[in-house]
Amino acid sequence: MTGITLYDKLWNEHLVCIEPDGSALIYIDRQLVHEVTSPQAFEGLRLAGRKPWRIGANLAVVDHNVPTTGRDQGITDAVSRLQVETLDRNCAEFGITEFGLADPRQGIVHVIGPEQGAILPGMTVVCGDSHTSTHGAFGSLAFGIGTSEVEHVLATQCLVQRKAKNMLVLVDGQTESEVTAKDIALTIIGKIGTAGGTGYTIEFGGDAIRALSMEGRMTLCNMGIEAGARAGLVGVDETTIDYIKGRPFAPQGGAFEQAAAFWRDLRSDANAEFDIVIEIDAANIKPQVTWGTSPEMTVPVNALVPDPDQEKDPVKREGMIRALQYMDLKPGAHITDIRIDKVFVGSCTNGRIEDLRAAAEVARGKKKAASVKLVLIVPGSGLVKRQAEAEGLDRIFKDAGFEWRDPGCSMCLAMNADRLEPGERCASTSNRNFEGRQGYGGRTHLVSPAMAAAAAIYGHFVDISALAEKSPRAPTNPAASNGHSNKPKPHRRATPSVANSSKSKPTTKAKAQTRQPGKPKATGNTSATTPQPDKPKGRKKIETV
Amino acid sequence: MKPFRKINSRVVPLDRANVDTDAIIPKQFLKSIRRSGFGPYLFDEWRYLDRGEPDMDCSNRPLNLDFILNQPIYRNAGILLTRENFGCGSSREHAPWALADFGFRAIIAPSFADIFYNNCFKNGLLPIVLDSATVDHLFKECKPGYNLMVDLAEQSIVTHFGETLRFNIDPSRKHRLLNGLDDIDLTLQHAEAIKAFEAKRAAQAPWLFAVPR
């Protein structure tokens, strides 16, 4: 019998009922709430005279609009202040737990949820924020919704959904030591495009994914939405369970063991079928830098800015020309020659402790380049900030001339005062390089935390692989920094190749299933020639193309 | 919700792929706690030459005359014709709010981002998916003054030149949009089923029902 995918298991487990027309009512276990996408939802409840269905399912925090300096003076921007105060009022009125501005646990919604143990495997998790995909790292079905749906979940604890298709992205082999989850994510997006995952839930599997810490998996699933997939997933293993143990909102003692036994089943069956399988060879992934205005416009740091003349599709070519114009870049330029004005380390993608450690490792004992105007280090939460200070990371940053800020979304979307000015160029650990995203007329290059810190030190992008060879201390690989992964440093490839040639070629399979003729599905079963979603470590290496 | 049945309207061709919701409505306007008033800031960074701020009076702002929406002939257009992956990025429902507030009732593209697509239906806005070749064909035909007639019940589009095109739509979404139904009311008709589901789940996995404090 054909096995089923993790996504299908989670879907089936949350199915309340199916309408005659095929749409399904799905139960939602957890809703995260923030100030930007919730005011109209609470107002809608009030106008209709409705009450929240299950108050305890919700957890709220202020993050998008909050200042990262001078918090003792409150929020000076009156419009932002009103929105933050509106969330405070709504949570007080409806009895929802909220981490307000003064709460030491306050931080980015997608950082504080997992940090508190409020995200557990097997949950359905929603939030009025596209990066809710982050929480799929826990084997939970997590996706972003609009404000009308926030209201719907508040009022009914359910959502009307259509089932997505299943995609497996298999990253097998070992990454080089300076390659992070961010580079894996950008490489995948570069391959399948920002619409590649539209209509799918993407499960990430393979050795390189298993080797990631929970924080790395969160980074990866977080960026799933940039590949078009509302939800990303990683199956549960001991890394997942170890991470959750002891967190405040997680079950404790005997209840934890009971839950953990349940969670261990939350992975795709070995013979599960996926609609599509993408294979990427981890060994070929390089540190990435985006050059354009869409996350799919990414190349390895040692490559060149691509040439639109080489693009055959006219719509894509037009997009490339527009992006190069906006970014003020010339085709054929070396990425490492691009000089930057500002650096941002933070966001729900890369604002966790391992990210800060990776940035600090590069910055230790160094100074920011004189040409770099500002380096913002914005921890993802108050607790991340406290941990970083306990480790002395704040001293490293301050000594390097970086700014050590209070937690929030900050310059990822620049709703607060942290932003780029027109024409400024930024090395950013955030998730979107859209036009104006980090400020009107600002230019964003997406990178990993270590790459961002290196750009701050040198004033331009640098290949941190080369840096690691010069320096006795290699940048920290987040995957190896939490004790779950002790993989050896792989041998470094001698010659860095240029442009896109160093990337692996994923295979998009859509061949017919032998057992179900005519069904356009690829397999993820146990035979030696087909990939499996969660190949245990140590099993025979499966050949990838 | 405002029902959508049939419209006959002018078409704006926005010939760009991957139009993201940051472009549709930039972040500074998301500070509003209201659901309306976003229309003047639709495509703000493309539409105006200055930097937009919340509550700005847009009547005196310098217009980017190269941007198609600023051509007087498109002032009252109700249909947007665009390229693949429209509405990608942020989940902000402010994007369909801004499009609807401006006066758009239907958007035609080869593909939409999932969250945006879903959000449209909550706001009486009809996203129509047509294959790339058909969209290309419409772009070629779409000169100033070009109209389309969209009929949701029939799932049809009649072009300016009388050609009839068909589109697919999920029957549940079609029904809700045609009748302007309130999704929450419909779901609450299943209140007993939800309660039963919840009770069973609480018995099997009690840890899911701990209240965060």
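## Two chains, one interface: a quick briefing

In this predicted model, the side chains of Thr187(A) and Gln288(A) are joined by a polar contact of 3.4 Å (a pair of N or O atoms within 3.5 Å; within protein, one must be able to donate a hydrogen and the other to accept it, and residues adjacent in sequence count only if both atoms are side-chain atoms). Being a predicted model, it gets local features only at pLDDT of at least 70 and side-chain atom pairs only at pLDDT 80 or more, while totals for chains, interfaces and linings use all residues. Residues are numbered from 1 along each chain as its sequence is written, chains are lettered from A and ligands numbered from 1 in the order in which they are written, and side-chain values use heavy atoms, with hydrogens and water left out.

**Around Thr187(A)**

- Thr187(A) sits in helix H6 (residues 181–192) of chain A; helices (H or I, at least four residues) and strands (E, at least two) are DSSP runs, numbered from the N terminus.
- Thr187(A) counts as buried at 2% relative accessibility, where buried means under 20% relative accessible area, exposed over 50%, and partly exposed in between (1.4 Å probe, protein chains only).
- Thr187(A) and Gln288(A) are 101 residues apart along the chain, yet 7.2 Å separates their C-alpha atoms.
- A polar atom of the Thr187(A) side chain also lies 2.6 Å from the backbone oxygen of Asp183(A).

**Chain A overall**

- Chain A comes with 17 helices and 21 strands, and 67% of its 545 residues count as buried.
- Take the contacts in chain A between residues at least 6 apart in sequence: 76% of them join residues at least 24 apart (contact means heavy atoms within 4.5 Å).
- Helix H8 (residues 214–222) of chain A has nine of its nine residues buried, so it is largely enclosed by the rest of the structure; Met214(A), Arg217(A) and Asn222(A) are among them.

**The A/B interface**

- On the chain A side 83 residues are in contact with 61 residues of chain B.
- Together the two chains bury about 6100 Å², with 56% of it on carbon and sulfur atoms; buried area is the accessible area (1.4 Å probe) that two parts lose on being put together, summed over both.
- Gln40(A), Trp53(A) and Tyr440(A) account for 12% of what chain A buries against chain B, more than any other three residues.
- The polar side of things: 38 residue pairs are in polar contact between chain A and chain B, both at pLDDT 80 or more.
- Helix H5 (residues 147–156) of chain A gives the most to the side of chain A that touches chain B, with seven residues.
- That side of chain A splits into 31 nonpolar, 31 polar and 21 charged residues (Ala, Val, Leu, Ile, Met, Phe, Trp, Tyr, Cys and Pro count as nonpolar, Asp, Glu, Lys and Arg as charged, and the others, Gly among them, as polar).

**Salt bridges**

- The structure holds 42 salt bridges over all chains, and the interface of chain A and chain B has 10 salt bridges; the rule is a side-chain nitrogen of Lys or Arg within 4 Å of a carboxyl oxygen of Asp or Glu.
- Arg50(A) and Asp182(B) form a salt bridge at 3.7 Å, N to O.
- Arg50(A) is in the loop between helix H2 (39–48) and strand S4 (58–61) of chain A, and Asp182(B) is in the loop between helix H6 (171–179) and helix H7 (183–188) of chain B, so the pair joins two chains.
- Arg50(A) is buried at 14% relative accessible area, whereas Asp182(B) is partly exposed at 34%.
- Within chain A, Glu424(A) and Lys373(A) meet in a salt bridge at 2.7 Å, N to O.
- Glu424(A) lies in the loop between S18 and S19 of chain A and Lys373(A) in the loop between helix H13 (353–363) and strand S17 (374–377), so the pair ties together parts 51 residues apart in sequence.
- In chain B, a salt bridge of 2.7 Å, N to O, links Arg83(B) and Asp15(B).

**Sheets**

- In chain A, five strands make an open sheet with parallel pairing, in the order S18-S17-S16-S19-S20; two strands pair if DSSP finds at least two bridges between them.
- Its edge strands are S18 (403–404) and S20 (443–446) of chain A, each pairing on one side only.
- In chain B, strand S1 (residues 6–14) runs antiparallel to strand S5 (residues 147–151), joined by five bridges, with Ser9(B) opposite Leu148(B).
- S5(B) and S6(B) form a hairpin with four residues between them, and Gln155(B) in the turn has a positive phi of about 55°.
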